[in-house]
Structures are given as C-alpha cells and as structure tokens.
Amino acid sequence: MPTEIDVQTCPVELSKPEKLNKFHDFTEFDCGESSINDYLHKNARKAQDHKQAVVYVSCFAGTNRVAGYYTLSNGSVARQHVIPKSYQRNSPSAHPVTILGRMGVTMAAQGYGYSVDLLQDAIRRCMIASDSVGTSAVLVHPLDDKLAEFYAKHAGFQRCPDLSPLTMMLSLR
C-alpha cells in the first residue's frame, strides 16, 4: 500500500461506493492479485444474489467501469476471541461481527489512496448498520503481513492470533 509520500495527486476521479448492480462493468478490473480479481469476476454477483455478501463498488467518474470494491457479510466470533479482552466479561458466548471480505483497487487507480477511502467507507457502513442490526466488531482476514499493517495503520485493526495468525478485529464500541 502507498505511504503518504507515495500517494500521487489524483488525475483519476472515482465515484462514491455503491452497491453492485447489473450495470457495473468489471471486465477490465485487475488489481494485481488473482484471488481478488477472480472473486469479482466469478463470484461477486452470485454471492450478492444469494445474500452471502454485499459488494460495494467505486467506478471511474462518469462511467460504470469498476475501479475498486469491497464486500461485507455477517459472522460471529466466540467470546474468548473478542478483543479487547475487557469486552468478554458478562457477554454472550458468540459476538456478532461484520466481515470485511475481499477488497481491491484496479492497477489503473492504485497509488492514489483509494484503498484507504474504501476502507473508511466500509467501516462507516458497518457503524451505521450496527445501529439497526447487532454487530460488535469488524473482522478482516488480510492476505499477508503487508495488508495486516495497512489495516492496523489506517483503521486500528488488532490481530486476533487465537483465531488465525492474520485475522484482525476492530471493535465498534
């Protein structure tokens, strides 16, 4: 991920994230990570249609060409894995969480800070949703340590090594 020094001025403008619909075109989407590309190309619409995830996309301004996306879904975490530990006291055996799934920005839009914008939008949506549907945290499963550092730096996610080495959690309390 780019640092503040690496972030270039934005010659590319993107739309605000919106729910994926049949008019969005992601045929040219390539973020450089095959698992992220494959999910968008092969599974995103089906997952959304089956209510397994909601996919939010940001397009190049004035077009329907997807420049970035992220997914949100629901899950739960056993009380003993909730962080910070103080939130485990007098709580249910399972805590509802929102899972920030795959997220990517096409290579044509990388280096401008859009990944941080997508992350902030996802967290904002989770916070708003938590007022209507119980969710106590956001969970993410970064692909590698570099992405784990990105989530920690830009949103304060903390590692949950008892769940898995790279799973991270951000409390919404």
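Student: Leaving aside neighbours within four places in sequence, which residues is Cys160 in contact with?
Tutor: Keep in mind that this is a predicted model, where local features need pLDDT of at least 70, side-chain atom pairs count only at pLDDT 80 or more, and totals for chains, interfaces and linings use all residues. Residues are numbered from 1 along each chain as its sequence is written, and side-chain values use heavy atoms, with hydrogens and water left out. Contact means heavy atoms within 4.5 Å. With those sequence neighbours set aside, Cys160 is in contact with His81, Ile83, Thr167, Met168 and Met169.

Student: Does Cys160 count as buried or exposed?
Tutor: Cys160 is in the loop between strand E6 (158–159) and E7; strands (E, at least two residues) and helices (H or I, at least four) are DSSP runs, numbered from the N terminus. The cut-offs for relative accessible area are under 20% for buried, over 50% for exposed and partly exposed in between (1.4 Å probe, protein chains only). Cys160 has 3% relative accessibility, so it counts as buried.

Student: And how far apart in space are Cys160 and Leu40, C-alpha to C-alpha?
Tutor: In sequence, 120 residues separate Cys160 and Leu40. From C-alpha to C-alpha, the distance between Cys160 and Leu40 is 27 Å.

Student: Let's zoom out. What pattern does the protein follow along the sequence?
Tutor: The parts list is three helices and seven strands. Read along the sequence, they give β-α-β-β-β-α-β-α-β-β.

Student: Why is it as compact as a globular protein of that length?
Tutor: The radius of gyration is taken over C-alpha atoms, and the globule rule is 2.2 Å times the number of residues to the power 0.38. For 173 residues the rule gives 16 Å, and the protein is close to that, so it is as compact as a globular protein of that length: its radius of gyration is 16 Å.

Student: What percentage of contacts between residues at least 6 apart in sequence join residues at least 24 apart?
Tutor: Buried residues, for context, make up 44% of the 173 residues. Among contacts between residues at least 6 apart, the share that joins residues at least 24 apart is 65%.

Student: What is the relative accessible area of Gly68?
Tutor: Gly68 lies in strand E3 (residues 66–78). Not counting residues up to four places away in sequence, Gly68 touches Phe29, Tyr56, Val57, Ser58, Gly104, Val105 and Leu118. Gly68 is buried, with a relative accessible area of 1%.

Student: Which residues does Gln48 touch, not counting those up to four places away in sequence?
Tutor: Gln48 is in helix H1, and at 13% relative accessibility Gln48 counts as buried. Gln48 and Leu20 are 28 residues apart in sequence, with 8.3 Å between their C-alpha atoms. The residues Gln48 touches are Lys19, Leu20, Ala53, Val54 and Val55.

Student: Is Lys51 buried or exposed?
Tutor: Lys51 is in the loop between helix H1 (34–49) and strand E2 (54–59). Although Lys51 is not a glycine, its phi is positive, at about 60°. With a relative accessible area of 76%, Lys51 is exposed.

Student: Last one: how far apart in space are Asp144 and Leu166, C-alpha to C-alpha?
Tutor: Asp144 is in the loop between E5 and H3, and at 33% relative accessibility Asp144 counts as partly exposed. In sequence, Asp144 and Leu166 are 22 residues apart. In space, C-alpha to C-alpha, the distance between Asp144 and Leu166 is 7.1 Å.
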